[in-house]
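Student: I am new to this structure and would like to go through it step by step. Could we look at it together?

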Amino acid sequence: MTFYFRTWKMSLAAILGLFFVVITTAGVYSATGFEVTPSAIIGFLTILSYALYDTMVVFDKIRENVTDLGEQKNQTFTERVNLAVNQTLVRSINTSVVGILPVGSILFIGAWLLGAGTLQDIALSLFVGIIVGTLATIFVQAPLYARMRRGDADIASHTHEVLRLRSERDLPRITSSGTPVDRRGNAVEFPPLPEEEPVAQDDEFVPDIVVTTYEPGGGGRSGQR
């Protein structure tokens, strides 16, 4: 797997996802009280191969999307990984549904309705494993790989550059007429400033006014009002 995925972090994320699939399926067995028989072990090995196949398809798309990561400044590494998951989501769901239909028929019709008890062990492990394997690829392995690569120096530098350019594009600019517009040319309206409430004055602190009058031939006479 390391040689195929060409990076140990992608291989580690895939292997941890496989552990999640097996542990979850075994937990369902423990919760339902089913006996772990050789048929159940065969079912576990089968769902491992199925989950690994689905993981390889999604990770191949991720590797394709991040090949030219440094040549573009529109999306970060995490956004490219999310894009790969969205591009393969329909295929993963369709493959899971096609696999669940016959297994569900064996489990519900053959084992429970017709009483073929020898089929219920392998059918239950396949039924649960297919569902968990699809969910693990989407919600465990791909996000785990993005989390592990996010701290790399080249990935962190590229993410910082993309976010910086994105913030600069989102800032409004002022046209020659003085109107602020966004990067699409639409006018940007800023919210009005809150009006200041008038300061109430207290009548008790009105200052005294001193009036000085002058009479002809005499000095000034002051009075207070």
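Student: At roughly what angle do the axes of helix H3 and helix H5 cross?

Tutor: This is a predicted model. In it, the axes of H3 (residues 38–65) and H5 (residues 120–149) cross at roughly 30° and come within 8 Å. Angles under 35 degrees count as roughly parallel, so H3 is roughly parallel to H5.

Student: In which hand does H3 pass H5?

Tutor: The crossing is right-handed.

Student: Changing topic, how many salt bridges are found in the whole structure?

Tutor: The search finds seven. One of them joins the side chains of arginine 91 and aspartate 54, at 3.3 Å from N to O. Arginine 91 belongs to helix H4 (residues 77–113) and aspartate 54 to helix H3, so this pair ties together parts that are 37 residues apart in sequence.

Student: Is aspartate 54 buried or exposed?

Tutor: Aspartate 54 counts as buried, at 1% relative accessibility. Arginine 91 is partly exposed, with a relative accessible area of 26%.

Student: What about aspartate 60, which residue forms a salt bridge with it?

Tutor: Arginine 63 does, with the closest N and O atoms 2.7 Å apart.

Student: Which residues are linked in a network of salt bridges?

Tutor: Lys9, Arg149 and Asp152 are. Within it, the side chains of aspartate 152 and arginine 149 meet at 2.6 Å, N to O. Aspartate 152 is buried at 19% relative accessible area, and arginine 149 is buried at 15%.

Student: And the surface, which residues make the nonpolar patch?

Tutor: Met1, Trp8, Leu12, Ile15, Leu16, Phe19 and Ile23 make a patch of about 690 Å². Isoleucine 15 lies in helix H2 (residues 8–32) and is partly exposed, with a relative accessible area of 34%.

How values were computed
Residues numbered from 1 in each chain as written. Predicted model: local features only at pLDDT ≥ 70, side-chain atom pairs only at ≥ 80, totals over all residues. Heavy atoms only, no water. Patch = residues over 30% accessible without salt bridge, like charges linked within 9 Å, V, L, I, M, F, W, Y side chains within 5 Å. Areas by Shrake-Rupley, 256 points an atom, 1.4 Å probe, with all protein chains shown as cover. Salt bridge = Lys/Arg side-chain N within 4 Å of Asp/Glu carboxyl O. Helix = DSSP H or I, 4+ residues; strand = E, 2+ residues; numbered from the N terminus. Buried < 20%, exposed > 50% of the residue type's maximum accessible area, 1.4 Å probe, protein only. Axes fitted to C-alpha atoms, helices over the stretch in contact; angles between N-to-C directions. Parallel < 35°, antiparallel > 145°, perpendicular 65-115°, else oblique. Left-handed = near helix turned anticlockwise from the far one by under 90°.
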